[in-house]
Amino acid sequence: QVQLVESGGDLVQPGGSLRLSCAASGFTFSSYWMNWVRQAPGKGLEWVSIINSGGAVTSFADSVKGRFTISRDNAKNTLYLQMNSLKPEDTAVYYCARGFDSVKGLDYWGQGTQVTVSS
């Protein structure tokens, strides 16, 4: 069965960095576009970034552009999100999700990993 397992969330100070990972299994990872989506406390889901199956095409939400980088290692079936210059407003549960669609149309999601940006 399809499984997506995020890791790497932590408490970090403003201006700090974190790298999130998403380990995929149960499907041909290299054939799918992948996303990062986040949900801040008390707010709805916010799409963060997408990467194509080969890793050459990426896109970012304006709120993270220039600070976050998405990448993937298809040999390791793993998706990454490098987050730099973190701000308190980046505090959220971060999910990886499979697909090329609106947030509600993504078909498989991980359980999420908590990122807290606070001094």
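This is a predicted model: local features need pLDDT of at least 70, side-chain atom pairs count only at pLDDT 80 or more; totals for chains, interfaces and linings use all residues.
Glu-46 is partly exposed, with 29% relative accessible area, where partly exposed covers the range between buried, under 20%, and exposed, over 50% (1.4 Å probe, protein chains only). Its salt-bridge partner is Arg-38, with N and O 2.7 Å apart; the term stands for a side-chain nitrogen of Lys or Arg within 4 Å of a carboxyl oxygen of Asp or Glu.

Residues are numbered from 1 along each chain as its sequence is written, and side-chain values use heavy atoms, with hydrogens and water left out.

Let us stay with the charged residues. The structure holds 5 salt bridges. Another of them brings the side chains of Arg-67 and Asp-90 together, again at 2.7 Å from N to O. This pair links distant parts of the chain, 23 residues apart: Arg-67 sits in the loop between strand E6 (58-60) and E7, and Asp-90 in the loop between E8 and strand E9 (92-98). Strands here are DSSP runs (E, at least two residues), just as helices are (H or I, at least four), and the numbering starts at the N terminus. Both Arg-67 and Asp-90 are buried.

At 10% relative accessibility, Arg-67 counts as buried. A polar atom of the Arg-67 side chain lies 2.9 Å from the backbone oxygen of Ser-63. Leaving aside residues up to four places away in sequence, Arg-67 touches Gln-82, Met-83, Asn-84, Ser-85, Leu-86, Lys-87 and Asp-90, where touching means heavy atoms within 4.5 Å.

A further salt bridge joins Arg-98 to Asp-107, whose closest N and O atoms are 2.7 Å apart. Here Arg-98 is buried at 7% relative accessibility, whereas Asp-107 is partly exposed at 43%. Elsewhere, salt bridges that share partners join Arg-38, Glu-46, Arg-67 and Asp-90 into one network.

Now to the strands. Strands of a sheet pair through backbone hydrogen bonds, in either a parallel or an antiparallel sense. In this structure, 4 strands form an open sheet with antiparallel pairing, in the order E1-E3-E8-E7; two strands pair if DSSP finds at least two bridges between them. Strand E1 (3-7) and strand E7 (68-73) stand at the edges with a single partner strand each, so one side of each has no neighbour in the sheet. On average, neighbouring strands of this sheet are turned by 15° against each other, direction ignored; the axes behind such angles are lines fitted to C-alpha atoms, for helices over the stretch in contact, and angles run from 0 to 180 degrees between N-to-C directions. E7 is joined to strand E8 (residues 78-83) by 6 bridges in the antiparallel sense, and Phe-68 stands opposite Met-83 in E8.

Strand E11 (residues 113-117) shows two faces: Thr-113, Val-115 and Val-117 are on the covered one, Gln-114 and Thr-116 on the uncovered one. E11 runs parallel to strand E2 (residues 11-12), with 2 bridges between them, and Leu-11 has Thr-116 as its bridge partner in E11. With E9, the pairing of E11 is antiparallel, over 3 bridges; there Tyr-94 has Thr-113 as its bridge partner.

Finally, the aromatic rings. The structure holds 4 aromatic pairs, counted when ring centres of Phe, Tyr and Trp (its six-membered ring) lie within 6.5 Å, with planes under 30 degrees apart called stacked, over 60 edge-to-face and the rest tilted. Trp-33 and Phe-100 make a tilted pair, 4.5 Å centre to centre with 50° between the planes. These two lie 67 residues apart, Trp-33 in the loop between strand E3 (18-25) and strand E4 (34-39), Phe-100 in the loop between E9 and strand E10 (108-109). Trp-33 is partly exposed at 28% relative accessibility, and Phe-100 is exposed at 60%. The rings of Tyr-95 and Trp-109 have centres 6.0 Å apart and planes at 75°, so this pair is edge-to-face. Tyr-95 is buried at 18% relative accessible area, while Trp-109 is partly exposed at 29%. Phe-27, Phe-29 and Tyr-32 form one aromatic cluster.

Key. A polar contact is a pair of N or O atoms within 3.5 Å; within protein, one must be able to donate a hydrogen and the other to accept it, and residues adjacent in sequence count only if both atoms are side-chain atoms.
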